[in-house]
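Here are some notes to read alongside the model. Please keep the viewer open as you go through the points.

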Amino acid sequence: MPLKVPAIVPTPAGDSRLGWPSGIHQLKAAHAIRAATKVSSAKTKIAIACQGGGSQTAFTAGALKALCEAGVADEFEIVSLSGTSGGAVCAVLLWHALERDADPPWRQLMDFWQDNSAQGWAEIAFNKLVVESVRMINSGLLPTFQLSPSSAASRSSMQFATMGLRENFMSFQKLLEAHVDFAEIASWGPRAKRPILMVGAANVTSGRLTKFISNREPIRVEHVLASCAVPTIFPAVQIGEDVYWDGLFSDNPPVQELIRPSSVGAQNVPEEIWLIKINPTRRETVPVRIDDIIDRRNQLEGNISLFQQLRHVEMLNDMLLSDAFRPEFLCQFDITAPVRIPKSFSTSPDRPYHIPCIEMSPELQETLDYESKIDRSAAHIEHLVLDGERCARAFLRERARTVAAAEPLVAASF
């Protein structure tokens, strides 16, 4: 198949946004020609970022499964995976499967979520009791008793309430260790091999936003537990001298760190970031009931850091389009175009680097509330997984259409 060379579009003098200053014109042209003459087997480098959201991240598992089934690895090079909380769990499971050349790689994800679902009458009854109790408390129908998850009273009551239930259902650490061989990961040591894995958490005492990255240290079960440590549900997780809470307070999920060469390696800067999003951006009505207010507040909190990061990457992309960086600097990282990312808001102006994200169908989102993030009923998990599969397949179609339409604009600028 003949190769298509991007058009090098001349622009009026003085147009610093689209024009090429004479000192770097030839190098920009070389970049464009090099990009066009890559062999046909060259793959687009992508990073997959997985937002947190408790049980709702079964949607993420379904999305990752569909991406694997669609043969994404045949066309794209997954250079990194990132996640926070439940998104981190899904990212770790897929990363571990890819590192072990598991076939199919999504099987580990499905096994985990099946094991995490309530099984048998006792677990089903316990799950329903917890979900409905929290729902009634958040609706103001039941009084709330605040107990620290680290307190002796909290631990004792939980042990009593869960007697006879499966260990993997009641111990999150045991569940993780049943599906991820952390001893094997420790034996690998720091892993520079693609994909790089990044797990977000928040340091409780220093306030530092922390990333545990596989090319710096072996990923441990404590790293995942830290990323999932919702402070009202789980005790803070101590790692060395530091103590961590849920990654919701950090980066949900890590995005801008995925384009930082010092974090992922100069050759692992992605050309696209594929976001699997749990918290909806929009709500059609103003929440009035207290439970709706709690739900919407949680959604907004979960999106704050994400939108901040996307805006930061957008700013860098616009600077690239304006020739704000020295060509010799960009050459160090093989950067010839902006990183494709999703919009923060659908009403934002279109840019040539915008692509869609993977997010829940409106029909499913309308049925979910805050309490659904702790619901582990099998039907709920299955519904989320299936919606994730459908939405990921729709994303692949829409992404292909969007990129095809935007390519001439990107090529003309670079």
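Predicted model: local features only at pLDDT ≥ 70, side-chain atom pairs only at ≥ 80, totals over all residues.

1. A kink of about 35 degrees is centred on N303. You can find the helix at residues 290–321.

2. Is D323 buried or exposed? With a relative accessibility of 15%, D323 counts as buried, because the cut-off for buried is under 20%.

3. D101 belongs to the loop between helix 4 and helix 5. Its relative accessibility is 63%, so D101 counts as exposed; the cut-off for exposed is over 50%. As background, most residues other than glycine have a negative phi, and most peptide bonds are trans.

4. Which peptide bonds are cis? One of them runs from D103 to P104, with omega near 0 degrees. P104 is in the loop between helix 4 (86–99) and helix 5 (107–116), and D101 is placed in the loop between helix 4 and helix 5 as well. Another cis bond joins R194 and P195, where omega is about -5 degrees. P195 lies in the loop between helix 10 (182–188) and strand 3 (196–203).

5. Why is helix 5 described as largely enclosed by the rest of the structure? Seven of its ten residues are buried, and that is the reason for the description. The buried residues of helix 5 are Q108, L109, M110, F112, W113, D115 and N116.

6. Q56 is in the loop between strand 1 (44–50) and helix 2 (58–69). Its relative accessibility is 3%, so Q56 counts as buried. Which residues does Q56 contact, leaving aside its neighbours within four places in sequence? They are I278, M360, L368, D369, S372, K373 and L384.

7. On the surface, look for a nonpolar patch. M136, I137, L141 and L142 form it, and together they have about 340 Å² of accessible area. M136 is in helix 6 (residues 120–138). With a relative accessibility of 36%, M136 counts as partly exposed, because it falls between the cut-offs of 20% and 50%.

8. Finally, the chain as a whole. There are 16 helices and eight strands, and 48% of the 414 residues count as buried. Among contacts with a separation of 6 or more, 76% come from residues 24 or more positions apart. The chain exposes about 20100 Å², with carbon and sulfur atoms supplying 57% of that area.

Conventions: Residues numbered from 1 in each chain as written. Heavy atoms only, no water. Helix = DSSP H or I, 4+ residues; strand = E, 2+ residues; numbered from the N terminus. Buried < 20%, exposed > 50% of the residue type's maximum accessible area, 1.4 Å probe, protein only. Contact = heavy atoms within 4.5 Å. Areas by Shrake-Rupley, 256 points an atom, 1.4 Å probe, with all protein chains shown as cover. Patch = residues over 30% accessible without salt bridge, like charges linked within 9 Å, V, L, I, M, F, W, Y side chains within 5 Å. Salt bridge = Lys/Arg side-chain N within 4 Å of Asp/Glu carboxyl O. Bend = angle between axes of the 7 residues up to and from the residue.
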